[in-house]
Amino acid sequence: MSATLNKKIMSGLGWIFMENIGSQLIQFVVTIMLARLLVPAEFGLVAIVLTFNAFLSVFVEGGLESALIQRKNLKPEDCNATFFLNLLVAGVCYCGIFVAAPFIADFYNSPQMTSVLRVLSLSILLLAIHIVPRALIFREMKFNVRFKIMWPGLCISAVVGISMAYGGFGVWALVFRQLCGEMIFLLLIWYYSRWKPSLRVNWNGLREMVGFGWKIFTANLMETAFNAISPLLIGKMFSLKALSFYNQGSHYPNIFLGVCKSLISYVMFPVLASIQDDLEHCGKLILRAHRFILFVVCPVAAWLMVIAEIFVRILLTDQWLPSIPFMRIFCLGMIFIPGTIMNIQATNAVGRSDVFLGLEIAKKILLILVIVVACHFGVIYMAWGGAIMMFFGFFLNAMGVQKLFRCSLLLQLREFAAPLLLSGCSGALAFAVVRYGEAQNVFLIFTAASAAFGISYLLLSLLFQRHVVLECVKIAKTLAPNYFQRKIQ
């Protein structure tokens, strides 16, 4: 690996890691405070609306952000054409959801959903405006800029949401917290990108990018649509309250997964795209990324599964106890998600969006079968079906990567062995602490179980995965000076 590329990777990992740790910590604290102030049904209402917005956002982005990052010879005219196309699609989508809002509200028997859907869907217009400048920042690997952009919006929107919740605004606290954060993000990303649109467009270049991006768009559309099936069905077949427990159970594993996804998508994708002609080099980089991601993901999943009940009782109050089984199930499934994301980004980075699309179609066919069967048995079975599909998703994408790189399925699966075994041993010890101290103070049990897990995992890792621990320390030492040097500058 060249010194320049290695420096870019280390720099990107450092900035994205710090940004995500900070942002997810804020999200974590704010979500807990809002969960204590609002009722579960209000979270369920917003979950339905965000599901529709996520679906429309795929149309607005259209796979063109990835196309802008991946394109070898990007011209200003390509950016202009993409920008105007994004605006056009966003306008059409917003008009459609504005008209459809009353019918969606009637379907879910929730009159308030009409106004919430119309207001919160303004976010798709904001998305259209910042897709191009965001893609340019990621393309140039200016990860420190993203760090500067995210923080103000997170902090200000957190204050807005909590203040409105305390003021008794109910569901609107969640709505305006979301819009406030996105508006600030939009203003700052335009300020830092320095890109300005003009009327000079390259329609031929846009057609070429659409030729690449439509496959990613189709795959993303299927991914979003099928991810939406479970919450939409739960909200209709069961209740908005049941949906809120399902979503709350998945929320905390997803906070950690958000960090992993950003590290992979915003760092590894442009890095792999920059060396896309050297497939052997890409394969080695993929395996290395799998190794270190699993070293962190497996223990976090095991720890959260063990302390789930104490976590909910202490932080969310007893009204959220039904979310505990969902949290444990999603923790089990989350082990496979970072590897799946890594393989997807690797496939797209070398321009093989056709492979990506084919694998997504196969996964969605399996997902339909799982959901159709599971929904007849209850919400908990739908969660189990989702966890099982996380494993099969990894398996299929790993098979795709095996065909493109010298990175076999067996080599990828082998990376799971040590982290899973060590996490299981540490989890068993922490579980014994929890069970032994059931009658004790919950704060004391939480502290003791977490300490037992963390210390045992570190000791076992030093014994059996010393090379990985040393490599993590080496990376940390590389990241820290880079961060402080940039701060001084």
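Author: A salt bridge is a side-chain nitrogen of Lys or Arg within 4 Å of a carboxyl oxygen of Asp or Glu. The model is predicted, local features need pLDDT of at least 70, side-chain atom pairs count only at pLDDT 80 or more, and totals for chains, interfaces and linings use all residues. Residues are numbered from 1 along each chain as its sequence is written, and side-chain values use heavy atoms, with hydrogens and water left out.

Reader: With which residue does Arg200 form a salt bridge?

Author: Side chains of opposite charge can pair when their charged atoms come close. For Arg200, the closest N and O atoms of the bridge are 2.8 Å apart. Arg200 lies in the loop between helix H8 (171-193) and helix H9 (203-237), and its partner in helix H4 (residues 76-107), so the pair ties together parts that are 123 residues apart in sequence; helices are DSSP runs (H or I, at least four residues) numbered from the N terminus. The partner is Glu77.

Reader: Is Glu77 buried or exposed?

Author: Buried means under 20% relative accessible area, exposed over 50%, and partly exposed in between (1.4 Å probe, protein chains only). Arg200, at 57%, is exposed. Glu77 has a relative accessible area of 17%, and therefore counts as buried.

Reader: How many residues apart in sequence are the parts tied together by Arg134 and Glu65?

Author: Arg134 and Glu65 form a salt bridge whose closest N and O atoms are 2.8 Å apart. Arg134 is buried at 14%, and Glu65 is buried at 11%. Because Arg134 lies in helix H6 (residues 123-139) and Glu65 in helix H3 (residues 64-70), the parts they tie together are separated in sequence by 69 residues.

Reader: Which helix gives the largest share of the lining of the second largest pocket?

Author: A pocket is an open set of points on a 1 Å grid over the protein atoms alone, where a 1.4 Å probe fits, with protein on both sides within 12 Å along at least five of seven lines; lining residues have an atom within 4 Å of a point. The second largest pocket has a volume of about 510 Å³, the space filled by probe spheres set on the points, which are joined across faces, edges and corners. Of its 16 lining residues, those closest to its centre include Phe28 and Trp303. The largest share, 6 residues, comes from H11.

Terms used: Helix = DSSP H or I, 4+ residues; strand = E, 2+ residues; numbered from the N terminus.
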